[in-house]
Amino acid sequence: MLFVSQLINGLQLGSIYALVALGYSMVYGIIKLLNFAHGDIIMVGGYIALFTLTFGQHPLIAAALTVAGCTVLAIVIEKLAYTPLRFAPRLSLLITAIGVSILLQNLAQYFFSATGRSFPGHLLLPQGGIALGSVQVAYTSIITILTSLISMVILTILVRRTRLGKAMRAVSEDQDAARLMGINVNSVITFTFAVGAALAGIGALMYSVRYPLMFPTMGAMLGLKAFVAAVFGGIGSIPGAMLGGYAIGMLEVLVTAVGLSGWVDGVVFMVLICVLMVRPTGIMGRSIMEKV
Amino acid sequence: MKAFTIPTPVRYGINTALLILFLIAGNAITQSGLLGRAQNAIIIQVGFFIILAVSLNLVTGYLGQLPLGHAGFMAVGAYAGALFWRAHILPETLSIVVGLLLAGVVAALFGILIGVPALRLRGDYLAIITLGFGEIIRVVLTNLDSITYGARGLLNIPRHSSFLVVYICVIISCAVIHTLMKSRHGRAILSIRENEIAAESCGVKTTYYKVMAFAVSAFFAGIAGALFAGNLGILVPANFDFMTSINILMIVVLGGLGSMFGSVVAAAVLTFLPFVLQPLADYRMIIYSLMLIIVMIFKPSGLMGSYDFSLSRILEKVIGKALSLGRDKGGKNHGKA
Amino acid sequence: MLKRHGLFARAAGIALAAALLAGCAAGGQDQAPQAADTAPAQAPAATEQGGGDAPAEAVDEVLIGLLGPWTGAVAQFGVAKRNGAMLYIDQFNARGGLQIRTVDFDEEGDPANAIVGYHWLFDQGINALIGSVTSAPTMAVVPEAFADNMPMITATSTHANVTVDAATGNVWTNMFRSCFIDPFQGTKMAEFAVEVLGAQTAAILFSNEIDYSIGLTDAFTVRAGELGLEIVAVEVFANEAMDYVGQLTNIAAANPDVLFIPAYHQHIALIGPQSVAAGLDTVMLGADGWGAALEAIADPSSIEGSFYLTGFTVEDESPLVQNFINDFVAEFGHQPNMFAAQAYDAAMILINAIEMALADGFVPDTDEFKSSIIAHMAATDIQGVTGHITFDQYNNPQKTAFIIQIVDGEARFWGTF
Amino acid sequence: MGKRDPKAPFVPHRDAYKAPIMECVNLGIDFGGLTAVNDFCITIGPTEICGLIGPNGAGKTTIFNLLTKVYQPTRGSVYLQGIDTKDMNSVKANKAGLARTFQNIRLFKNMTVAENVLVGLHNSISYGLGEAILRFPSYWREERIARSRALELLEIFDMQDIGDQKAGSLPYGAQRRLEIVRALATAPKVLLLDEPAAGMNPAETEELMENIQKINKVFKIAILLIEHDMKLVMGICEGIGVLNYGRLIAKGTPAEIQRNPLVVEAYLGKGQSDSESGGEDSA
């Protein structure tokens with residue numbers, strides 16, 4: 001029973017990681033950028049949800065505004081900060097992303113203060129839960145897990161079945177070739193950012209309900225963990241990001257459950273390293289052999 | 001017309017003399033009270049950030065890998081040096097030297113330990129794995145509180161990081177990395193960055209050189225860590241988190257990958273900038289991050305690009321110009337400054 | 001041509017940055033009143049007093065420094081402290097007569113920056129220092145300040161070694177604080193658990209990445225051993241952890257009588273709701289870090305019935321406290337938390353000592369003046385908003401500890417202990 | 001075809017008294033179940049110039065990669081001077097005497113021309129790490145020797161005056177030549193050239209042919225080259241192997257190859273498009 005409830009807890013945590021990891025993975029897949037600002041977009045999403053809910057908006061409107069806000073923010077960031085560096089060395093782009101991350105955190109601190117604010121999760125999702133045998137499962141857990149699964153399915157369909165998805169895959173394979181084939185590379189990249197951010201918006205909602213405290217640096221750790229999850233599963237792969245998210249979430253909970261709570265981060269990274277030693281591109285990552 | 005060149009021994013002599021002069025002058029200035037005490041304190045910190053940046057530049061700029069765990073090596077060195085110094089088993093001057101060497105060696109051992117498995121991976125996976133090792137080091141330091149005192153803080157570390165000690169280390173680390181890079185070993189490291197497969201086809205033992213670069217880099221990061229400890233007098237594992245690694249990387253990229261001079265300049269700029277911006281109070285970090293983004297957008301290859309400052313090259317130019325002017329006096333000017 | 005373009009771009013970047021700087025500096029004056037008020041004034045103050053030979057009877061200004069994290073991960077504590085201290089200083093200055101001028105420095109919670117900050121403040125000619133906020137930066141600064149004979153008081157650094165040199169056991173005589181120390185709180189809560197609640201088993205949930213948390217845990221554990229309180233579970237969390245359900249589930253399985261959580265309010269805000277999810281219904285005990293927990297927590301019912309120790313309660317009916325709360329709310333728009341209250345007291349203790357040193361005829365910016373401030377601080381006997389304060393031989397405050405209980409989602413004053 | 005001893009070098013008359021420098025025996029490699037090269041046997045004498053031809057995708061570059069141990073063969077062995085290279089990696093293969101150029105040029109683009117050659121001379125310099133950092137006399141001496149050696153090598157292609165230029169800034173043809181110099185700097189016994197004339201105009205190709213023959217004579221080394229330019233192959237190669245679908249379908253002197261009906265059918269018959277260099281799919 002204890003085990004089952006820990007399992008559900010791990011799944012819920014993993015679902016949030018997965019939602020964030022998907023965004024990381026997509027952006028990485030297309031322009032090979034570790035988008036350090038991704039976690040901070042979730043922070044902004046959390047604040048948007050907080051304010052819209054506090055102002056008495058309907059939960060659905062709040063959710064829609066959150067997702068829309070994250071998407072717009074990501075597009076703005078992409079256009080202003082990343083596009084000028086499209087042909088710059090990749091590390092410069094990375095540093096720019098870090099700069100954006102610091103900027104967002106400090107803007108949030110300036111406008112919302114450094115003190116944490118509680119998030120009215122009960123206004124967004126129903127409280128309570130259902131009993132599965134002797135285990136009580138909260139509605140929020142079920143909704144979080146289902147949302148992440150549905151997101152993944154929709155995303156997979158988007159990438160595999162639509163024209164835009166085909167364009168995204170083409171751009172991630174070879175930007176120049178895609179451009180020659182008449183694909184508007186810029187708009188495809190922007191679209192990818194937007195989709196990643198929309199997922200981050202959904203992640204922000206799920207996160208805020210589960211961890212109802214908003215503060216300017218809340219996205220940093222979440223972003224880092226999600227990044228690890230994305231790499232774990234094989235960065236650039238959609239099912240990989242999901243798998244990575246679940247794996248990291250479960251791992252954290254299980255390490256705690258066996259009484260090693262002080263070593264959680266250490267064990268998570270150790271497992272990550274071991275996985276990468278055996279599978280150098282993550283669990284679901286394609287192995288890339290350099291052409292000679 | 002053949003360009004004027006200063007003969008090598010003379011060049012080394014000039015450089016050595018200038019560096020000694022710099023040390024003496026710097027020491028005199030910091031002790032004289034000409035600068036504020038805050039400026040002196042920052043100058044010391046610039047020192048160990050230079051070492052950190054220059055050592056990371058060896059791996060990032062020259063070897064072309066992206067490690068995100070530099071703070072981990074710094075941490076190992078910091079704790080090794082601090083614990084040694086706290087034991088007070090040697091007379092002071094000797095203790096400083098041995099402590100610094102110990103810090104470097106222990107960090108280098110970790111560099112090898114981590115480098116061997118990590119360097120099997122490429123690109124961003126290497127970044128992640130080094131990030132992971134950096135975090136593991138931090139977690140271990142936190143949990144080994146019987147030795148490190150964990151988050152309670154390792155207190156009463158002798159404050160050995162004077163201007164002279166720090167800047168002698170700065171000069172040694174810059175000089176070692178410079179001479180290393182201007183040798184067959186340095187060329188091998190560069191060739192790996194440029195094209196690993198071709199480097200192997202030229203008989204360059206890529207794994208050996210990667211691990212070697214990693215170890216040398218970790219060695220100096222360890223020394224910088226010890227200087228850091230000797231500056232603060234207190235160590236907590238949180239000093240060496242992921243953001244510290246990122247800050248060092250920021251210095252390297254902002255300075256220009258593969259430019260030692262750039263690393264030095266950026267270390268100074270990025271250490272002084274938050275201080276200079278203090279009057280902005282609550283806007284400070286907003287401005288700081290905006291400046292970072294703007295510099296990257298307008299100068300993506302860093303402040304210095306891959307330019308490396310060489311005093312003797314400038315001297316050669318100046319002297320060469322003067323000579324050619326003298327020679328061409330009255331005649332046509334062929335000098336092509 | 002390319003080169004020139006690069007240069008131009010660089011120049012444009014610098015110009016743009018400069019324009020931004022100018023713009024924001026200008027904007028700062030309307031939007032951050034308490035910072036802007038003092039900032040222009042302090043420069044002349046510093047230069048006027050730089051000579052040190054001002055006539056004794058004409059002393060109307062004394063410059064002090066504020067050091068703390070106004071940005072970064074622990075900014076919330078730093079800003080609360082700055083607000084509390086500045087409130088007292090503004091009130092004091094409003095009375096007329098002696099004017100206290102301040103300079104402040106943002107150390108971002110980083111010991112290295114704190115050292116730079118201290119030296120910068122020293123260069124500005126401060127006579128005393130309030131700071132820093134978290135223990136590590138304070139402990140980095142203390143030896144330097146001690147060497148300068150600089151009077152120093154912190155409102156929030158609770159580490160036992162803030163006022164005592166760990167190596168020699170000597171007291172840093174220049175260093176005072178207006179907060180409880182870690183061992184005191186841990187000991188008190190163990191006693192509370194046994195003597196008041198009659199607990200026989202306890203669990204601890206703490207963070208080994210926070211010195212405060214470790215300090216309390218150590219003291220609690222020691223005292224619990226002495227009192228026969230059995231520790232049945234010890235769980236650890238990372239400072240920036242978000243998920244505690246695993247730990248809480250383990251604790252629930254151990255079924256302790258009380259759960260001691262020496263953590264800050266942001267942790268409680270997450271631990272509370274998750275304890276419900278983990279099926280935990282044990283009485284929770286906390287310490288002064290819980291101060292603002294109710295403001296941060298989404299679901300106060302999840303920590304219903306918990307007790308925590310604090311040096312400050314808004315329920316204190318005394319006029320001093322109520323005036324402080326009203327003024328604070330008027331100035332900053334929200335209730336003061338314990339950090340702000342302790343900072344208010346720290347400023348009060350320091351300025352009181354400054355006044356007495358001036359009354360003794362010492363001249364600011366002299367070593368004697370600083371020594372006098374230190375001597376008067378050591379002899380503090382004052383009624384602050386966090387209670388009546390005197391200092392023991394280790395320069396730690398001797399003041400009353402309040403126990404707060406969460407009842408009906410509100411912090412109720414339970415009593416003193 | 002069949003008449004010749006498959007183990008014998010192409011031109012036994014010249015190297016008959018010497019043991020072959022390199023032998024491949026039943027070499028083969030699979031990529032995920034797909035056989036890229038199979039049963040590749042070839043023997044090269046110490047100073048032979050041999051050519052490897054075949055349509056795009058026939059596996060020529062893959063064979064170079066097998067020889068230089070970029071890939072480990074699935075089957076078969078390579079002997080260098082009678083020594084099995086089974087346990088070697090690229091570096092050891094180079095030290096054992098195999099040097100190569102690449103079809104898609106792999107220069108150290110941000111290093112100077114001279115530095116590129118100096119990397120090639122890496123293993124002929126022996127000072128250690130400490131000697132380099134402390135600038136021992138051995139450092140100065142060996143660096144001086146290496147630099148003059150690098151200039152000597154560059155002189156083969158008359159590149160000694162552009163030693164300070166960035167390799168990446170050189171014109172295409174010069175980059176190909178520099179790659180050959182860099183490979184020569186490693187003091188090989190067998191030089192593998194992967195499409196050395198690709199992208200060169202006829203005059204440059206002509207010059208290249210002379211230079212290859214010069215290298216062969218001066219350095220007394222064997223040269224194995226992949227080339228689509230039939231004029232070059234037929235002009236300088238003493239022996240030619242023809243590869244199709246990963247198999248050696250013919251082996252012999254240029255004259256024999258030109259007469260071979262299998263070759264004509266498999267390769268020359270539809271070889272019009274092969275005169276230009278295309279991407280060769282090796283993976």
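Colleague: How many residues does the contact take from chain C and from chain B?

Modeller: The contact takes 39 residues from chain C and 37 from chain B. Keep in mind that this is a predicted model.

Colleague: Which elements of chain C give two or more residues to the side that touches chain B?

Modeller: On chain C they are α1 (2-31), α2 (33-50), β2 (99-106), α4 (111-123), α5 (135-147) and α7 (211-227).

Colleague: And where does the largest share of that side come from?

Modeller: From α1(C), with 12 residues.

Colleague: What is that side of chain C like by class?

Modeller: The side of chain C that touches chain B has 27 nonpolar residues, 7 polar and 5 charged.

Colleague: Step back a bit. Which chains share the most contacts?

Modeller: Chains B and C do. There are 5 pairs of chains in contact, and that pair leads.

Colleague: How far apart are the nearest C-alpha atoms of chain C and chain D?

Modeller: They are 16 Å apart. Chains C and D do not touch.

Colleague: Chain B and chain D, then. How many residues of each are in contact?

Modeller: On the chain B side, 21 residues. They are in contact with 28 residues of chain D.

Colleague: Which one gives the most?

Modeller: α8(B), with 7 residues on the side that touches chain D.

Colleague: New topic, chain B by itself. How many helices and strands?

Modeller: Chain B has 14 helices and 0 strands. Read along the sequence, the pattern is α after α.

Colleague: Why call chain B as compact as a globular protein of that length?

Modeller: Because its radius of gyration is 21 Å, close to the 20 Å that the globule rule gives for 337 residues.

Colleague: What box do the C-alpha atoms of chain B fill?

Modeller: Roughly 80 × 55 × 45 Å, taken along the principal axes.

Colleague: What percentage of chain B is buried?

Modeller: Buried residues make up 59% of the 337 residues in chain B.

Colleague: Last one. Of the contacts in chain B between residues at least 6 apart in sequence, what share joins residues at least 24 apart?

Modeller: That share is 80%.

Note on methods:
Residues numbered from 1 in each chain as written. Chains lettered and ligands numbered in written order. Predicted model: local features only at pLDDT ≥ 70, side-chain atom pairs only at ≥ 80, totals over all residues. Contact = placed C-beta atoms within 7 Å. Helix = DSSP H or I, 4+ residues; strand = E, 2+ residues; numbered from the N terminus. Rg over C-alpha atoms; globule rule 2.2 N^0.38 Å. Buried ≥ 20, exposed ≤ 12 C-beta atoms within 10 Å, placed from the backbone. Nonpolar A, V, L, I, M, F, W, Y, C, P; charged D, E, K, R; others polar.
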